[in-house]
Structure formats: structure tokens, C-alpha cells
Amino acid sequence: MAATHKSTKKRSAPSQSGPKPKKVHLEKENSKSDKKRSRPITKPVVAQSSGSDSESDSENGLDEADEAFDETDDFDVGEGAEQEMEVDKKPETKVKDPNGIYPRCWICMNNRLINQLTAARESHKAQKALQEQRRASKPHSSLLASAKKVWSLARQKTIPTSERQKHVKELMDVIRGKVSDIVFKHDASRIVQTAVKYGGQKERDEIASELKGRYRELAQNKYSKFLVTKLIRLCPSHRTSILMEFRDHVLRMLLHRESSSVLADAFELYANAYERSILLREFYGKEASLFTMTTGTEEEKERAKKGLTGILEGSDNERRKRIMNAVKENLTTIFNNSDKGAVTHAIVHRALWEYLTAIDTLPDEAEQEKYRREIFDSSQDVLAEMVHTKDGSRVVRYFVAQGSAKDRKQILKVLKPHIERMCLDDEAQLVLFTCLDVIDDTKLLAKSVVAPIATTAQKLYSTPQGRRSLLYLILPRSRRHFTPAQIALLAETDEIRSRTSKKDVKSREEEVRRAASEDLIAWVEKEGASLIKEPAGALVVAEVMLYAEGDKTKATEAILKSLASTTSAADSPHPIDLPPTSRMYKTLLQGGHFNHSTSTVERVPSSSWDSASFATQFLQIVGKESTVAMGKGNGAFVVAELCEALVRGEQEEGRQTLKKWFGEDVRKEIEGSDVKGKNVLLEKLAAL
């Protein structure tokens with residue numbers, strides 16, 4: 001009886017063949033996973049993703065001189081590199097039978113086969129000689145040949161650190177002084193990446209110094225762009241100088257196919273506040289770039305960290321307008337070229353957020369509305385491309401809060417196809433929560449936001465982000481499920497909501513809860529038996545049963561039938577033996593959650609959840625045998641709460657039934673056992 005005794009599953013005996021041999025210690029090259037850029041919710045999820053957007057772990061071979069180096073490598077190469085690496089290779093042509101038919105004699109046929117093989121072998125040798133000749137005629141051919149030999153040794157994954165460092169030093173001796181000449185070649189770029197990845201800080205800084213002055217050109221090359229990202233990440237002392245080379249070219253690079261990802265990684269993952277200001281400066285227009293913050297003093301660095309606000313400090317009205325118009329034009333250029341992909345990058349979202357913040361500082365409200373309307377009209381079709389970053393999420397939430405009913409309807413139309421993906425993203429889901437907080441048209445809200453979330457509950461509940469999305473429908477901004485930081489972020493739009501929304505906050509929350517309740521209760525009714533056996537499922541089920549509105553009779557039956565069995569399989573313990581499930585039943589029986597700060601139970605209104613009725617159903621569905629077994633085992637606290645619920649609800653018939661089930665002999669057995677909670681249970685049984 002699983003409900004009575006704890007599982008006593010024995011461990012398997014150790015092997016008699018002696019201890020297992022220790023594994024050879026190898027260097028852990030990537031013990032810490034690299035940071036990755038946030039992925040737009042509009043892009044499909046890749047089943048097996050390795051590396052960031054700018055890095056692909058492709059297994060690309062080099063040309064025939066590199067045939068021996070056949071192990072996989074995790075360096076970045078551009079699209080189509082595999083075809084370009086296999087240069088001058090042509091498919092071998094079959095030697096046709098001159099007679100066009102098979103010879104009748106087997107000896108003749110064998111001779112012809114030998115002739116064909118000989119001809120193919122000679123043709124292959126001729127092709128290989130021609131390939132070697134072509135390769136030797138290329139610049140730096142001998143250097144690359146020498147570098148590849150050392151590179152094949154340095155890039156091996158199964159060698160110790162000391163041996164790898166020896167090979168890296170040999171590789172540096174080969175390429176030193178020639179890095180800028182060979183780095184644009186697809187195979188040589190991988191060689192330099194090996195030196196950067198496995199070399200020490202001295203080797204990395206040496207390569208970074210040698211490439212100084214060519215970083216913009218490198219970032220725009222489909223092979224060497226990955227090397228630039230690695231140097232930005234691994235050479236912090238050179239990072240500012242590298243980003244300074246991008247200054248005055250940022251907008252053009254953002255719209256460039258290759259360099260766009262380099263800027264995105266640098267801004268979102270590696271740059272500090274001042275380095276980000278270097279990349280953002282071009283958004284402010286030529287006037288701001290030429291006449292502000294050009295000397296790099298400490299005072300100007302602190303001012304640069306303020307972004308557009310720092311640029312506008314002390315400016316007269318005309319200069320302020322010129323800078324604001326420049327920012328608007330540059331952002332509009334990005335939005336009008338959304339196919340280039342720059343609109344998904346955090347640097348664009350930061351510039352847009354700074355622009356919206358600057359709009360609120362304008363003294364004239366009519367002018368504020370004009371600027372706000374212009375930037376919204378130019379960006380409304382690409383808002384779904386922004387919600388995955390912190391600044392992008394703030395921008396969309398700002399538009400939702402500030403917008404009219406027509407604007408909000410347009411925003412929901414853009415976001416609706418991506419609701420499920422937004423629910424699973426930390427930043428994007430805040431946009432949905434703000435929509436639930438500020439939109440007055442709850443019928444539109446129920447159709448566009450609430451229904452897509454509630455009907456996909458089975459896909460969402462297993463992740464923290466998905467659970468928050470479900471729980472916000474019935475428990476918005478609950479401190480039990482949302483951190484103070486998340487609540488503070490959502491509260492940023494409260495002041496705007498007080499001016500732009502007409503409906504009372506409480507009534508809006510009740511209408512949203514009512515719209516979500518039917519689907520959530522139906523979900524518990526259908527999947528409740530399996531949900532309660534998982535910690536995440538038990539947590540969500542408890543909140544749905546306590547706070548959702550509607551008929552929960554069938555849902556209650558679904559979660560109680562699992563307790564009716566007194567036996568369980570070895571791989572499937574009884575629900576009462578699972579701590580999260582046991583706590584769920586206890587919470588439902590006590591009618592709310594226990595508050596540790598006040599040491600009291602915060603019971604929900606009886607109109608939402610009647611714990612006494614649940615206790616009565618508990619007796620009817622679970623039955624005597626299972627209830628008594630729980631009282632003798634791991635369910636003592638649950639049965640104690642069952643007694644309390646019957647007493648509190650004045651369920652006289654239920655009290656007498658439970659009192660009869662736990663007679664004197666059963667109580668003595670419980671008293672003589674060592675189960676947890678026996679004293680509490682005996683006290684509650686005495687009060688029946």
C-alpha cells in the first residue's frame with residue numbers, strides 16, 4: 001500500500017568486475033556556454049541549435065591538402081563555404097565502352113575493366129596535379145599549407161591543455177605578421193579563429209592589434225565576421241577601439257547582411273554602457289556625432305551613458321527638434337527595410353526606447369502626440385519583431401498603454417499569430433500582461449489574447465514562463481508567482497493607464513478571469529489526473545481550482561479519483577506520496593494558501609471555492625479504505641485538514657462518517673506509528 005508506507009526501492013548491487021577505469025582527463029574547452037542573443041518570437045524554433053545566431057558549428061572540409069584533417073570543428077564559416085572550400089574538384093567521368101555493348105568473353109571484359117580503372121586513376125592524378133598547380137599559384141599558398149598542418153593539431157578536441165598550447169604557439173609563429181593578409185580567406189579565417197579560441201590573452205591581443213584599422217571590412221566579410229565577434233568577446237581591452245572603427249557606419253552596417261549580426265552580438269552581449277553609446281551615437285544624427293562627446297573624457301563618458309537624454313541636456317528647442325527628427329528618420333529607415341533583419345536587434349530597440357523617453361520630456365503635449373503618432377505609424381507593422389528584448393518589450397508596452405482603442409486593436413492584430421511563442425519568452429510575455437492590464441475592450445481581449453493562452457495550457461504549464469502566462473489570467477501580479485522586479489516592470493505603465501484607460505482595474509481583472517476560467521477548468525477536467533502528479537501541474541491546478549470561476553464539479557472528480565486507489569505501481573507512486581501533490585490537496589481542503597508572515601490561511605471567497613463541499617466530495621470519491629490508509633501513512637496532514645474542513649463547514653454527516661472510519665482501533669494504530677503529523681491528525685479527529 002503506497003499510501004501507507006514509503007517506497008523502499010533497493011539500489012542495484014555494484015558490478016563484480018572491479019571499479020571502472022577512470023577517464024583520461026581532457027581539457028574542457030567550453031565549460032561555460034557562450035551567451036546567446038535573444039531570439040525573435042517571429043522566427044521558427046530550431047530543433048537542434050548549437051551556438052549563437054552568428055556562429056554555426058558546421059563540419060566543413062577544406063581542400064584536398066587538408067584531407068587528413070577529417071575531425072569535426074566548431075568554427076564559424078559562411079554560407080556556401082563548403083562548396084568554395086572544395087575548389088577545383090570535378091566529378092570523375094566514366095570511361096565508356098567503345099563498342100557500346102558488354103564483351104562476350106569474360107577475359108575481354110576483365111581487360112576492359114582494368115583499362116577503365118587505369119584511365120580513371122590517371123585522370124584523377126592529372127586533376128590532382130592541376131589542382132596543386134592552381135593552389136600553388138595563389139598568394140600565401142605556402143603559408144596556408146604550413147598553417148593547416150599545425151592547425152590540424154591545435155584544433156583537436158581530445159588533447160590536454162599543455163599539448164594544445166604548444167601547437168597554438170607554433171601556429172602563431174607561422175601566421176604572425178600575416179594575419180591581415182590571410183584572414184579574409186574562408187580556410188585561413190578558421191585557422192585564425194583557432195588561435196583566438198585556444199590561445200592565451202597574449203596571442204589574442206596580438207592578433208587584435210595586427211587587425212587594427214580593418215575591423216569594419218572584416219565585419220562585412222562572410223567568413224571573417226565571426227572572428228570579429230570572437231575578438232570583441234575575448235579581448236575586452238581592444239573592444240572599445242574595435243567599436244570605434246564602426247562609428248559613423250553603424251546604420252549602413254545594420255542593413256548589411258554580414259555585419260548586422262556582429263553589431264547585434266557586440267551591443268547585446270559584450271559591450272558596457274559607454275561602448276553601447278558609441279554604437280548608438282549615429283542614430284542621433286550628424287550634428288550630435290560631430291559636436292558632442294568627441295574627446296572621450298570621463299565627464300563625457302558619464303554623459304554618453306545617459307544616451308539621447310544626455311545629448312539633449314542643455315540644448316535649445318531648435319537643436320532638440322533637429323536631433324529628434326534625425327533619430328526619427330534613422331529609425332524609419334530601419335523599419336522600412338525590415339527584410340534586412342535589423343529591426344530585431346536590441347540596438348534598434350534601445351534607440352527607439354530612448355526616442356520615446358525623450359518625447360515625454362517635450363513641453364508641448366500636442367507636439368508629444370505628433371512625434372508619438374509618427375513613430376508608431378512607421379513601426380506598427382514590425383512590433384512583433386521587437387518584443388523579445390528588454391527595450392523592445394518596453395517600447396511595445398508603451399505603445400499599448402499610450403495608444404487609442406484603434407491603436408490597441410492594431411497591435412493585437414500584429415501580435416495574435418505569435419501569442420504562444422510570446423507566452424514562453426520572459427520579455428515578450430510582459431507585453432501580453434500589459435495588454436491584459438490596460439485594454440478596456442475585454443471582448444476583444446478574450447478573443448485575441450485570453451483564449452489563445454488558455455487553450456494552449458497543456459503546452460505552457462511545464463515551463464516557468466508558460467506557468468506565469470497562465471496564472472496572470474486569474475492572479476495578476478501575485479507575489480506568490482511574480483517577482484518584485486517583474487511587478488515593478490509591469491507597474492511602469494500604471495501612470496499612463498490612469499490617463500488612457502476608462503475601465504476600473506478590479507472589474508477588468510474579473511472579466512479577464514471569467515473569460516479564462518471555462519477553458520482552464522475544462523483543461524483540469526481533462527488532464528487533471530496526470531497534472532497533479534507533476535510539481536508544475538499541481539501548482540497550476542491548485543490556483544485554477546481556487547480562483548477560476550465556474551462549475552468545478554467534474555474537475556474536482558478528476559483530481560480526487562487518483563486518490564481512490566490504495567495500490568500503485570513501482571514506477572508510479574501514489575499521489576499522496578508526492579509532496580507537491582499532497583500540498584495541493586491540503587491547500588484545497590483549507591480553502592486557500594498559508595501565509596507564513598501572518599501564520600494564517602488566506603482563504604478565498606466561498607463563491608470561488610467551497611472547501612467544505614470539496615471535503616464532502618473527498619469522502620464520497622476517495623472512500624474509506626484509501627482515506628484510512630492515508631491517515632496511517634504520508635497523508636496524515638491531508639486527513640487532518642479534511643477533518644478541519646468538515647468541522648468548519650458544519651458538515652455533520654461527513655463528520656460522523658469520518659469519525660466512524662477512524663475508530664478507536666485505527667487511532668491506536670496511528671498513535672503507535674511513527675508517521676509525520678500523527679499528533680495533529682489525532683487532535684483533529686478528537687474535535688470531530
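## A buried glycine to start with

At 0% relative accessibility, Gly 635 counts as buried (buried is under 20% relative accessible area, exposed is over 50%, and partly exposed is in between, using a 1.4 Å probe and protein chains only). You'll find Gly 635 in the loop between helix H33 (611-632) and helix H34; helices here are DSSP runs of H or I with at least four residues, strands are runs of E with at least two, and both are numbered from the N terminus. Setting aside neighbours within four places in sequence, Gly 635 is in contact with Ile 576 and Met 630, where contact means heavy atoms within 4.5 Å. Gly 635 and Leu 578 are 57 residues apart along the chain, and their C-alpha atoms are separated by 9.8 Å.

## What you're looking at

This is a predicted model, so local features need pLDDT of at least 70 and side-chain atom pairs count only at pLDDT 80 or more, while totals for chains, interfaces and linings use all residues. Residues are numbered from 1 along each chain as its sequence is written, and side-chain values use heavy atoms, with hydrogens and water left out.

The protein chain has 37 helices and two strands. Of its 688 residues, 48% count as buried. Take the contacts with a separation of 6 or more: residues 24 or more positions apart account for 70% of them. The accessible surface comes to about 34,800 Å², and 50% of that belongs to carbon and sulfur atoms; these areas come from the Shrake-Rupley method with a 1.4 Å probe, and for residues only the protein chains shown count as cover.

## The largest pocket

Now for the open spaces. The largest pocket has a volume of about 1,000 Å³. The search runs on a 1 Å grid over the protein atoms alone: a pocket is an open set of points with protein on both sides within 12 Å along at least five of seven lines, a cavity is a set where a 1.4 Å probe fits but cannot get out, and lining residues have an atom within 4 Å of a point. Points are joined across faces, edges and corners, and a volume is the space filled by probe spheres set on them.

The lining of the largest pocket has 34 residues, with Pro 579, Ser 582, Arg 583, Asn 634 and Phe 637 nearest the centre. Helix H30 (535-547), helix H32 (579-590), strand E1 (592-595) and helix H34 (636-648) each supply at least two lining residues, and H32 gives the most, with eight. By class, the lining splits into 13 nonpolar, 11 polar and 10 charged residues (Ala, Val, Leu, Ile, Met, Phe, Trp, Tyr, Cys and Pro are nonpolar, Asp, Glu, Lys and Arg are charged, and the others, Gly among them, are polar).

The whole structure holds two cavities of 30 Å³ or more, and the largest cavity has a volume of about 60 Å³. Its lining is made up of Leu 436, Asp 437, Tyr 472, Leu 473, Pro 476, Arg 508, Glu 509 and Val 512. Helix H23 (428-438), helix H26 (464-474) and helix H29 (505-531) each give two or more residues to that lining, and H29 gives the most, with three. The class count is five nonpolar, no polar and three charged.

Tyr 472 also turns up among the contacts of Phe 482, together with Phe 433, Arg 468, Leu 475, Arg 477 and Ile 487, leaving aside neighbours within four places in sequence. Phe 482 lies in the loop between H26 and helix H27 (484-490), and is buried, with a relative accessible area of 3%.

Tyr 215 is found in helix H8 (residues 215-219) and is buried, at 1% relative accessible area. Beyond neighbours within four places in sequence, its contacts include Ile 207, Val 228, Leu 231 and Phe 246. Tyr 215 and Phe 246 are 31 residues apart along the chain, with 7.8 Å between their C-alpha atoms.

Asp 248 has phi near 75 degrees, a positive value in a residue other than glycine. Asp 248 lies in the loop between helix H10 (236-246) and helix H11 (250-254) and counts as partly exposed, at 45% relative accessibility. Ser 599 isn't a glycine either, yet has a positive phi of about 55 degrees; Ser 599 is in the loop between E1 and strand E2 (600-603).
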